[in-house]
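This report describes selected features of a predicted model. It covers a pocket, a nonpolar core and a group of aromatic rings.

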Amino acid sequence: MDLVVRLTDDADLYFLYNLVISEEDFQSLKVQQGLLIDFTSFPQKFIDLLDQCIAEQDKDHPRFLLQLSSTSSALDHSPASLNVVETNAFKHLTHLSLKLLPGSDVEVKKYLAACLATVKQEKEQLQQRLRTTEEDLSRQLSYAQQTLSEKSRELDKLRSEWTSQTTSLSSRHTQDLTAEREKALEIQTKLQQQNDQLRRELEAAHQRSTQQLQVRLSELETSNRELTEKKYKSDSTIRDLKAKVLGLEEESQRAKQQVISLRRENGTLDSECHDKERLINQLQTRVAVLEQEIKDKDQLVLRTKEVLEATQQQKNSVEETSESKQLQIGKLEATVKSLSEELIKANGIIKKLQGDLKALVGKIKVKNTVTVSQEKILQETTERLQREQRELQETQQKLRLKEEEVTSPPTQACTVHTGQNRASQTASQQDPHSEAVFVSFSFD
């Protein structure tokens, strides 16, 4: 097997240098240049050096250089040296130096004939690819036109459907909205009428309650005057008893305490007459106070009877005074009975006011129920309108997507790679009985 190195230039077709290295020639080259590799690995290592030169050629300071030097012109058929040089900070180191011979006329003709055959073959392949591409493009164009017509028909159909659907939805929404507005207006009118009627009823009830409270106030004032008169009579009676019975000082002191408590009760009644707004709470408090007073007065009556009995046993001379005391006790019992009747009337008024309050609360609950139901109806109508709007937006989105699919044509990307620098490796047979490896170089 021989190694053939061929050096050519695309700009100059007559530029041709050849070198044939046999295994014996390589052994002498190895000894001369101090190579460390054998003949079988030499072609690949040589190609690696050339690749490094190609990779470094665009840099400002390339590390690997490929130099071709000749002492004379190519017409003299003198050999040329092809050197692979590594540049470092110390020196230019030559890794490999090969001497190439210029090609003869016969070799140049053979080389040009091979190049022409290669160009023709590439031309035929390109023409075949062109015809195939034209057929594919024609089929794609016809398919695209057919698809465009179908999509156009579908678009027209969708537009008509969308127009009709939009018109029907708009009319239906307008009718629904008008109906809902009318219903809301009717409900508002009814609620206004009910509110006015309820206000009139509340005003009438307030007037009746005010009149009843005024009547009750007059009754309490009359009762207050009567109690005042009774208080004065009791005071005179106590003074008479104190003057007549010196031995009943203890009983007299108790009577004075009773008079003081009655005065306090009169003051309490006066403050109740001037405070109308808190009448119900005061009456409830007064019920408990009067019940306790009744119990106290009952105990007082019992104690008075016991004292009178003791007095009758001790002093028979005060029998007339005891009779008058019994008359006073009867008057006090009558007063207690009248106060009990007043308490019963006050309880009746309180119960009546509580019933009116419950009726008013029931009417307010009915009004709130009607308002909540109307709000639910309006909310359902709003949600249904929003759903219809979302469906309309989705239909418009679909139409836009289909229009974009129809208007966007199919694209094909064709990439053409061109270059002027080439380093190709070719292998051919030097003769029918020997194999050869060719390395071809091209310079711009």
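## The second largest pocket

In this predicted model, 21 residues line the second largest pocket, and Ala 205, His 206, Ser 209, Leu 353 and Asp 356 are those nearest its centre. Two or more lining residues come from each of α3 (105-244), α5 (279-314) and α6 (319-407). Helix α3 gives the largest share, 10 residues.

The volume of this pocket is about 660 Å³. Its lining comprises 9 nonpolar, 5 polar and 7 charged residues.

## The largest nonpolar core

The largest nonpolar core contains 23 residues, and those with the most contacts inside it are Ile 21, Phe 42, Phe 46, Leu 96, Leu 98 and Leu 100. At least two core residues are supplied by each of β1 (2-8), β2 (16-21), α1 (23-33), α2 (42-56), β4 (80-87) and β5 (92-102). The largest share, 5 residues, belongs to α2.

Beyond its neighbours within four places in sequence, Leu 100 contacts Val 5, Leu 7, Tyr 17, Asn 18, Leu 19, Pro 79, Ala 80 and Leu 82.

## Aromatic pairs

The whole structure holds 4 aromatic pairs. In one of them, the ring centres of Phe 26 and Phe 42 are 5.0 Å apart and the planes stand at 50°, so the pair is tilted. Because Phe 26 belongs to helix α1 and Phe 42 to helix α2, this pair ties together parts 16 residues apart in sequence.

Both partners are buried: Phe 26 has a relative accessible area of 0%, and Phe 42 has a relative accessibility of 2%. Ring pairs join Phe 26, Phe 39, Phe 42 and Phe 46 into a cluster.

How values were computed. Residues are numbered from 1 along each chain as its sequence is written. This is a predicted model: local features need pLDDT of at least 70, side-chain atom pairs count only at pLDDT 80 or more; totals for chains, interfaces and linings use all residues. Side-chain values use heavy atoms; hydrogens and water are left out. A nonpolar core is a set of buried Ala, Val, Leu, Ile, Met, Phe, Trp, Tyr and Cys residues joined through side-chain atoms within 4.5 Å. Buried means under 20% relative accessible area, exposed over 50%, partly exposed in between (1.4 Å probe, protein chains only). Helices (H or I, at least four residues) and strands (E, at least two) are DSSP runs, numbered from the N terminus. Contact means heavy atoms within 4.5 Å. On a 1 Å grid over the protein atoms alone, a cavity is a set of points where a 1.4 Å probe fits but cannot get out, and a pocket is an open set with protein on both sides within 12 Å along at least five of seven lines; lining residues have an atom within 4 Å of a point. Grid points are joined across faces, edges and corners, and a volume is the space filled by probe spheres set on the points. Ala, Val, Leu, Ile, Met, Phe, Trp, Tyr, Cys and Pro count as nonpolar, Asp, Glu, Lys and Arg as charged, and the others, Gly among them, as polar. Rings of Phe, Tyr and Trp (its six-membered ring) pair if their centres lie within 6.5 Å; planes under 30 degrees apart count as stacked, over 60 as edge-to-face and the rest as tilted.
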